[in-house]
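Hi there,

Here is the structure I promised to pass on. Have a look at it first, and then read my notes below.

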Amino acid sequence: MICSILTATLFFFGTRYGGTVNDQALKTYQNDFVKSALKTIVYSSSPRITGQELSSSQEIDYLIARVKEDFARNGIVTDSSDDLRNNVEAILRPFVGAFDYMLYIYVPERNHFAFMQIHRSVYALRDPAQPRGALVSRSDEILQCRPTGVTVLSRGLCNTTPGAAYPVYNYAITSREACEDPAVGGYWEINLPTDDSDAISQLVQSVGKTFQASATIELFVDDPNAALNRNFSDGLDRVPARVVLILWSPTNVDSAILNRLACQCDVRQESTGTANPNEPPLVAWQSCAGQLPSN
Amino acid sequence: MTLRATGFLGPIGDDLPSLIPLIAALIIFFGAYGTIYRDYAEKNELLEMTIRVNRLGRDLRGSSYVTSTNEFERVCTVARSTGGLKFHAGIVKLPVRLNPNYPLAPGDSLPSGVATPVNADGSCGDPLNPDDSQVCHCTLGPDCPRIVFTDYPELGTLFLEGLVNPNDPASTTKKFECCSMDPTSPQCQSGISLSQQWPGRDPFQKPLVRFFPLAVEVEKVDPPGSTHRRFYVQPAQLVIVAWR
C-alpha cells in the first residue's frame, strides 16, 4: 500500500517535472523572436524608388525614415506602405503557419493609427461533405486596416460645454481655432477614446496567448491646428508614436472585429514580369474581391 | 515436538508468504524510481540545452543589428568558448522571392509562373501533414523548423557574406557562420540542415533549432570600381542548430 502510494506520487511528480521550466524557456524564445523581428523591421533599409533592388539602387534610406517622411507629408502611411508590408511579410512569412501577426503604428496623442497590417490564417473545410473535417485547409490573408472615426489632421471634437458632466459636441466645427474662438467658447478635445483601441483589445483577447514587442518612434506632421506645439523651425510638429508587433498562434479571427478596424483584404501576388529571368520579381497587392471574406 | 505440532517451518519459511508482496512492492518502487530518474536526468539535460540555446541566441544576435563579419566572428568566438553546447549557426539571407528589393545571391531563385497567389490552394508543404489530411500548423517551437526548412530550403544555405576588411572593397569576403567546432572543417561549411551529420551526434535525437530575425549592414561600392562606399541594412535570419 505504502509502496503503491509512493510509486504513484513519484510518477505524478516525474511526469510533471520540467513542464513549467520548458514553457518558460519557450516563452523566452518567443519573446526574443518578436523583439528581434520588430527591431529588424525598424532597422531595415529601403530603396527610395519602390521596386528597385537594394544593391543596385542609387538612393537608399532607412525604411522607417521613408515612413516618417510619408507621414509628415500625408498624415498617414501611404506611399511607403507597400515597401513596409513587403518587408514585414518577408521577415515573418517563413514562419507563417507558426503564427499570425499584427503590426501597427499608433499615435497616442491623436488616437490615430498611421499604419496597420494584420496577417490572419483562415481555416476552412475543403469539402464540407467529408466526415470529421479531415480536409481542412489553411489560407493566408494580409489585411490592411484603416481604423475609422479618426481624420488625421483635424482629429478632435469641439466640446461646447467644457466642464459639464455630459459634454455636448459641435461636429460642424473642425478646427481648434474655430472651437476656441470666444464666440464659441469651446474646448478642443483631442484624445477622445474611440472604438478602435477597444477593437484591438478585443482582437488580442480573442486570439489567446500573444507575444508583443513595441518601440517608440517620433513622427513629424505639418499640422496647422497645433501651431503652439511647434518644436522645429521647419514648421513640423513632433508627435510620439508606437510601433507594435503582436504574434499569436494561428486562429480564425472574428470578422466583426476586423470590420471594426476597417480592414481590407489583400492578396500578395508575385510575377516575373519581364522576359529576363535575372530581374527581380514584381510583387503587387490586389484586393480580395474588394471585401473582407467572412469566416 | 511442540514447534512441529504448530506448523513451524523455520525463521524465513514461516514469513515467506508475507515477504512476497513486500519484495514485489519494493521491485515495483525501485523500478519506477529508476525510470523516473532516467526521465528526470533526460529532461534536465534537455532543459539545460534549451536555456543554453536561448542564451547563445542572445549572444550571437546582440542588439539584432550586425555590422560586419568581424563583429560576428568576435561574438562567435565568445559563444564558442562559453556556450558549452554543440551548435552550428549562421546568418542567412531572406530569399528574393519574399521581397523583390533584396539582392539575388547564388542559389537564390526567382518565382516561376505568373501572378500566382501564394498558397492559393491552401497547401503548406508540411511533410508531417500532407495537404489532404491535416491542418497545416506548427508552433514556434521544436516542430516548426522542419516546416520552415521544407518551404524555404534557402534558409539553410544562403549564407550572407561580408568583407573581411570593410575599408577595403577588394578584400576577401567571409560568411556569417559560426560553429562550435573547427570553423574550417567541411562540416562547418556545408550549410545548415536538420540531418546534419556531426561526429558524435546521435542521429536519433532531434536537434534544437532557433530562428531570430536580425538586420545586417551590407557594404555597397557605388558605382562599381569607385572608392565611394555606402551600406544598406538588409533583413536576414540567424539560424541556430544545436544538438547533444
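What is the mean pLDDT of chain B, and what share of its residues reach 70 or more? The mean is 72, and 63% of the residues of chain B reach 70 or more. Here pLDDT is the predictor's confidence in each residue, from 0 to 100.

Two notes on reading the rest: this is a predicted model, in which local features need pLDDT of at least 70 and side-chain atom pairs count only at pLDDT 80 or more, while totals for chains, interfaces and linings use all residues. Residues are numbered from 1 along each chain as its sequence is written, chains are lettered from A and ligands numbered from 1 in the order in which they are written, and side-chain values use heavy atoms, with hydrogens and water left out.

**Confidence**

For the complex, the predictor gives an ipTM of 0.76 and a pTM of 0.75. In chain B, strand E3 (residues 114–117) has the lowest confidence, with a mean of 26, and strand E1 (residues 65–66) has the highest, at 92. Helices (H or I, at least four residues) and strands (E, at least two) are DSSP runs, numbered from the N terminus. Over residues 110–143 of chain B, pLDDT stays under 50, and the model has 79 contacts for them beyond four places in sequence. A contact means heavy atoms within 4.5 Å.

Chain A has a mean pLDDT of 75, with 72% of its residues at 70 or more. In chain A, residues 149–154 have pLDDT below 50, and this stretch makes 19 contacts in the model beyond near neighbours in sequence. Where pLDDT is low, the predicted coordinates should not be read in detail.

**Chain B**

Chain B holds four helices and eight strands, and along the sequence they follow the pattern α-α-β-α-β-β-α-β-β-β-β-β. Of its 244 residues, 43% count as buried, where buried means under 20% relative accessible area, exposed over 50% and partly exposed in between (1.4 Å probe, protein chains only). Among contacts in chain B between residues at least 6 apart in sequence, 64% join residues at least 24 apart.

Helix H2 of chain B covers residues 16–61. Its 46 residues should span 68 Å at 1.5 Å a residue, and its end C-alpha atoms are 67 Å apart, which agrees. The expected span is 1.5 Å times one less than the number of residues. Just after this helix, B:Gly62 takes a positive phi of about 55°. B:Ile23 lies in H2(B) and counts as partly exposed because its relative accessibility is 47%.

**Chain A**

Helix H2 of chain A (residues 19–43) has 25 residues, which should span 36 Å at 1.5 Å a residue; its end C-alpha atoms are 36 Å apart, so the two agree. Its buried residues include A:Tyr29, A:Phe33 and A:Thr40.

Is A:Thr40 buried or exposed? A:Thr40 is buried, because its relative accessible area is 0%. Leaving aside neighbours within four places in sequence, A:Thr40 is in contact with A:Ile91, and also with B:Pro213, B:Leu214, B:Ala215 and B:Pro235.

A:Cys263 belongs to strand E11 (residues 263–271) of chain A. A:Cys263 is buried too, with a relative accessible area of 4%. A:Leu63 is 200 residues from A:Cys263 along the chain, and their C-alpha atoms are separated by 23 Å.

Happy exploring!
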